[in-house]
Amino acid sequence: MVESIEGIPEGNIEGYFLKVSEEGILVECTSPDGEKNALKTLSQLLSKDGHRLPFCEITDYPAFPIRGWLMDCGRTYISMDELRREIDILSRFKINVFHWHLTENQAFRLESKLHPEVNSPSSMSRCPGKFYTQQEARELEEFCLERGVTLIPEIDLPGHSKAFERATGYSMQSPRGKAILMDILGEAADLFRGQYFHIGTDEVPFEDRSLVPEAVSLLRSKGKKVISWNPGWNYASSLEIDMTQLWSYRGKPTSGVPYVDCRFHYINHFDMFWDMVDVHSSTVYGNGEAQEDGAQGAIIALWNDRYIDSEERIVKENALYQSVLALADRLWRGGGYQYFDRKGARLKMDMTDPLTADYLDFERRVVLQKDRTAPDFPFLPQGSVVWNITDALDNGGDLAREWDWKALPSTEVRGAGIYLRHTWGSLVPGLLDSPRENSTVYAYTYVLSEKEQDCGLVFLSQNASRSEKDVPPPQGKWDWRDSYVKLNGEEVSPPVWSEDRGKAEDEAPMGNLNSPMTSPLPVHLHEGWNELVIKLPVGKFSTPETRLVKWGFTCILTDRSGDNVLPVVYSTLPR
């Protein structure tokens, strides 16, 4: 260890100097965190055969100290093996915070020895009987610390607490319920070694105005720095809270209080392509580097609102790894091009455009590191995929109406996921400046294949969000809007939806509703040029079947496994 390193700001404990030369490897750092980061960089530089390193000199440090992801284990229990796997993979890329969301309406997942009733199977409405023992929690935190990751536990109060109420018979805001809660908070504070503890506080009316201040005071007496959601309890200064975590478009910093940005970082709503560009290009609430009493970084959140009965599918369908890596890259390097709610976070046809070139370089590096250090996570680069997107046409409510799409004015767009209108409507811009209901758009591209071949097609026209009670589309339909995809004039049939029901439910397994994410459809390409056309009509932007109508599509050609992009050429020019 050294006291300081030239080129690294004083106080940045994660920075390091690394030199690889004929004489050997030199690492200089001011703390164990810097040493861990230097070793992670060495791992990334190592050749695929594990025997060679390039000569180099690197002075490196992060722009933001908090670079993390949240896993909602309150709603859906995620096994210890899966959590370890995610922590191990993501820590290799200098992600340094795991936000462990442990309690929800569905279940209270952290063991309490003082009040074991909160872990009773009868109190849990999903994954009954599944919770984390205190020994498992200690072991997971130690696993994190060994990899340079801070574990932040969250016990959500006083909202999202129906499981607590079922178990104890009391509201958290009643005198007896509050006493039980304080027992559990003190117990959990003694259990975890880390400096941070998250208390939730969002989406609930406050009846007992003393609850939150008492919880903060208790945790501070245990040596913890307390984090709370914003919007949530209305804190006035750092005397009342140590850090806030901004969520939803309404999240606003409190002057003088450090904060973590989570406003548009809910990946269960994401498309696996367009939103990667958004995340990678975005600043941290307008900041390109950390502020002492302001922006500290950002966290990607995966909320398991809908029940998905496969951990592998939760990871793939929510694009967990590519989302967090896009965030990690931006938070380490700093900068950014604009915030989520501003126009421009889309890939341009001009590959020298700064945002586009930066993102394509990110994709190149992810593919390289996927092969070298973490081959078991899915990633599909999208930079080579291009489309013609026609102007929107008024369909008068007739979603089946057709036009001669080749004759329509169109715009060239790059990427495998295109929002015409974003999930969050006008809050996050999509491709169209002023999307209107009762409209139809066509997207088309031409694909050059060097040979006749069977391959896979990843396609979605209505991403189910993993957070909505969407009613599955009728069998034989991609959505409720009569969208279609045609390859060489032949319509591609959607899968048979396993979730065949006519009503909206949270607890019914999603089945294969997002199946193209995990199991691409079999299609056939001719040798030479192939024509791929998508029709995208829309009626209302909210319907009884679909609360959040996501007007757009995800489409890319892959190998049959869906693990790799197909080596073909996309072109917007007619062939």
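A residue counts as buried when its relative accessible area is under 20%. The model examined here is predicted. By that cut-off, helix H2 has buried residues Met80, Glu82, Leu83, Glu86, Ile87, Ile89, Leu90 and Ser91. These buried residues pack against several elements. Among the helices contacted are H1 (32-45), H3 (134-146), H8 (311-317) and H9 (320-333). Strands S4 (66-72) and S5 (97-101) are contacted as well. The length of H2 was also checked. Helix H2 covers residues 80-91, twelve residues in total.

Strand S21 (residues 528-538) is mostly covered, with ten of its eleven residues buried. Two strands pair with S21. Strand S16 (residues 439-449) pairs with S21 in the antiparallel sense, over eleven bridges. Strand S18 (residues 484-487) also pairs with S21 in the antiparallel sense, over four bridges. Leucine 532 of S21 is the bridge partner of threonine 445. Leucine 532 is likewise the bridge partner of leucine 487.

A helix pair was examined next. Two packed helices are described by the angle and the distance between their axes. The axes of helix H7 (residues 274-281) and helix H10 (residues 354-372) come within 10 Å and cross at roughly 105°. H7 and H10 are therefore roughly perpendicular to each other. On the H7 side, the contact is made by Met276, Val277, His280 and Ser281. H10 contributes Leu355, Asp358, Tyr359 and Phe362. Five residues of this contact are nonpolar, two are polar and one is charged.

Technical notes
Residues numbered from 1 in each chain as written. Predicted model: local features only at pLDDT ≥ 70, side-chain atom pairs only at ≥ 80, totals over all residues. Heavy atoms only, no water. Expected span 1.5 Å × (residues − 1). Buried < 20%, exposed > 50% of the residue type's maximum accessible area, 1.4 Å probe, protein only. Contact = heavy atoms within 4.5 Å. Pairing = 2+ DSSP bridges. Axes fitted to C-alpha atoms, helices over the stretch in contact; angles between N-to-C directions. Parallel < 35°, antiparallel > 145°, perpendicular 65-115°, else oblique. Nonpolar A, V, L, I, M, F, W, Y, C, P; charged D, E, K, R; others polar.
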